[in-house]
Amino acid sequence: MRSISDYKGVAILTVILILLIQVANIPDSTEVNEDTRTVPDLAIPDHPPCPEGSECATVHTCSSTPSSEFATSWTATGSNRMMSSLHTVDLTGDDILDIVVGTGIEEEVTGSIIALDGSNGTLLWENNASGEMFASAQFAHLDGDDTLDVILGGRNHQLFALSGIDGSIIWQFDSNNDEREQWYQFYTGHFIADQNQDGIQDWLTSNGGDPTQGPSAPRDNGYLMIISGASGELLAVADTPDGRETYMSPLLYHPHPSMEIEVLFGTGGETWDGGLWTTSIDAIMAGDLTSAQRIVDPTPNVAKGVMAPPSIADLTLDGIQDLVVSTFDGRLLAIDGRNYSEIWSIDVKDHTSGGTVTDAESWASPAIGYFTDDAVPDVFTHYVIGAFPMYTGSTSLLVDGATGQILWIEDTEHTSFTSPLAADLDGDSRDEILMIRGAGELFSGNEAYIFHNQASILNSCNFENTELYNRSEMSIGTPTIVDLDQDGDLELIATTTTGYSSTTASWTVTRMDLNATTPNHLSWAAYLGTNYDGLHESD
């Protein structure tokens, strides 16, 4: 993700010419051919799938009210900023999950990957990098021992595989290879089946974005990449099919057990058009994405792409996973995984500030949870109001997953860049929403830009919004709700960081013990969902 401090002035005439060129070069959408996909012979459900009086219409009814009490267990601090979303894993073998997260200072071209002891917040290890490490960690066995290892990437083509035991380097991406002349930023990736038959899972990721360029300056295309999990060898690289940059973390998408695994990726950015695409591992391995299918098209004459990864959930209850997509041009779309047809759509701009805004942009994936009575998963999402990099506030929406009806909406003076979370915090099988808002509050005129971050719980039964805390500085990385010590009680692990205008750089990670029992499932409890795979954790 390019920081909101990357803006550089561009002459108006140049911008107009560039926009005209880019609009003229928008490629035609590739039709989704059902013959190329194996779709199971499942009945198409009625829509909406849980009508009043049906068996699935009243399975998540309201009961008690969630508690807003919590106790801070520990706080860890350090230098650098922290834009990365943390991820938890047991590195010490004590059955308490530990925390791995990236740090860095973009303009100083420095960063690190750190691991914190989940029991007390002490630093387990740190490995330095030559760039801000803003992506999120994923874990797999890479070096033959019993401890899970770490892969995490960031700016300045930095990508590391580290030993989970001590943080030592297993491999580092070699940017001196001759596969491409230029390498960019690495985003959060996923482990995939072994492609080079060495017995170790390999790594799927995306590389793109050039923060050294002004917003509307010409951009080189991004790449999808497959890298050896064991050695870091580049196994495959494929250019985006529309020639656009990419900022989206790719997702593995398995709509149904009898269907093939697909790869979802996004193209375009804050000032360049793009779309949401699907392709295959085989196509990436062949280095050719010309057969990729674009399943969400750009809005005509709008120079904005798809940056936030979609969320995956079965909204039609037909056993096939569907997609919920937040586009950077302000649309919220539900896409049927059976045939990529539209289930419902919302233009958020039409509902923000009475429909008076011209721009609403999404930096974060929607949270999926059970916010209504029925068995259909619902949607909660944030959009910032304004056009990059000038934002005046944000809007938050709760949407009925079955119908696309907006059930709750709130415009605020906050800005919201972190993904919301969804979890049952009171044991009634109905999810509450955790929001971290207020990366900064914008004021008019010559007043200061005041950084703060506010955590609150929205009760999906009565829409009461209860503040947990209000802290100084920014919170950009998505927190996690987790049973860290596996004792049946939930914790909230959240991060805070200094902003770009601060004279010093520092981060804070805080563990808060929530007054909540761990439910049977956590709907959407971290960045990219509870399991960091973009998939809603269903009942």
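# Close-up views of a predicted model

View 1. Strand S8 (residues 159-162) and strand S9 (residues 169-172) run antiparallel and are joined by three bridges. This is a predicted model, in which local features need pLDDT of at least 70 and side-chain atom pairs count only at pLDDT 80 or more, while totals for chains, interfaces and linings use all residues. Residues are numbered from 1 along each chain as its sequence is written, and side-chain values use heavy atoms, with hydrogens and water left out. A word on the names: strands (E, at least two residues) and helices (H or I, at least four) are DSSP runs, numbered from the N terminus. Two strands pair if DSSP finds at least two bridges between them. Look for leucine 162, whose bridge partner in S9 is isoleucine 169, and for phenylalanine 160, whose bridge partner in S9 is glutamine 172. Six residues lie between the two strands of this hairpin, and glycine 167 in the turn has a positive phi of about 80 degrees. Now step back to the sheet: four strands form an open, antiparallel arrangement in the order S6-S7-S8-S9. Strand S6 (138-140) and S9 are at the edges with a single partner strand each, so one side of each has no neighbour in the sheet. On average, neighbouring strands here are turned by 20 degrees against each other, direction ignored. For such angles, axes are lines fitted to C-alpha atoms, and the values run from 0 to 180 degrees between N-to-C directions.

View 2. Buried means under 20% relative accessible area, exposed means over 50%, and partly exposed lies in between (1.4 Å probe, protein chains only). S17 runs antiparallel to strand S16 (residues 262-266), with four bridges joining them. Across that pairing, phenylalanine 265 stands opposite tryptophan 277. Strand S18 (residues 293-296) is also antiparallel to S17, joined by three bridges. There, leucine 276 faces valine 296 of S18.

**View 3. An open sheet of four strands.** The order here is S1-S34-S33-S32, and the pairing is antiparallel. Strand S1 (70-79) and strand S32 (480-482) are the edge strands, each pairing on one side only. From one strand to the next, the twist averages 20 degrees. Which strand does S1 pair with over nine bridges? The partner is strand S34 (residues 506-517), in the antiparallel sense. One of the residue pairs to find is glycine 78 with its bridge partner in S34, tryptophan 507.

View 4. Is asparagine 80 buried or exposed? Its relative accessibility is 11%, so asparagine 80 counts as buried. The side chain of asparagine 80 makes a polar contact with the side chain of threonine 103, at 3.0 Å. A polar contact is a pair of N or O atoms within 3.5 Å; within protein, one must be able to donate a hydrogen and the other to accept it, and residues adjacent in sequence count only if both atoms are side-chain atoms. Leaving aside residues up to four places away in sequence, asparagine 80 touches several residues, including Gly104, Ser112 and Trp507. Contact means heavy atoms within 4.5 Å.

**View 5. A proline in another loop.** Proline 255 sits in the loop between strand S15 (251-253) and S16. With 1% relative accessibility, proline 255 counts as buried. Not counting residues up to four places away in sequence, proline 255 touches Arg37, Glu260, Glu262, Gly319, Ile320, Gln321 and Gly337. Isoleucine 312 is 57 residues away from proline 255 along the chain, yet their C-alpha atoms are separated by 8.8 Å.

**View 6. Back to the protein chain.** The secondary structure comes to two helices and 34 strands. Along its principal axes, the C-alpha trace spans about 60 × 60 × 50 Å. Of the 539 residues, 60% count as buried. Among contacts with a separation of 6 or more, 59% join residues 24 or more positions apart.
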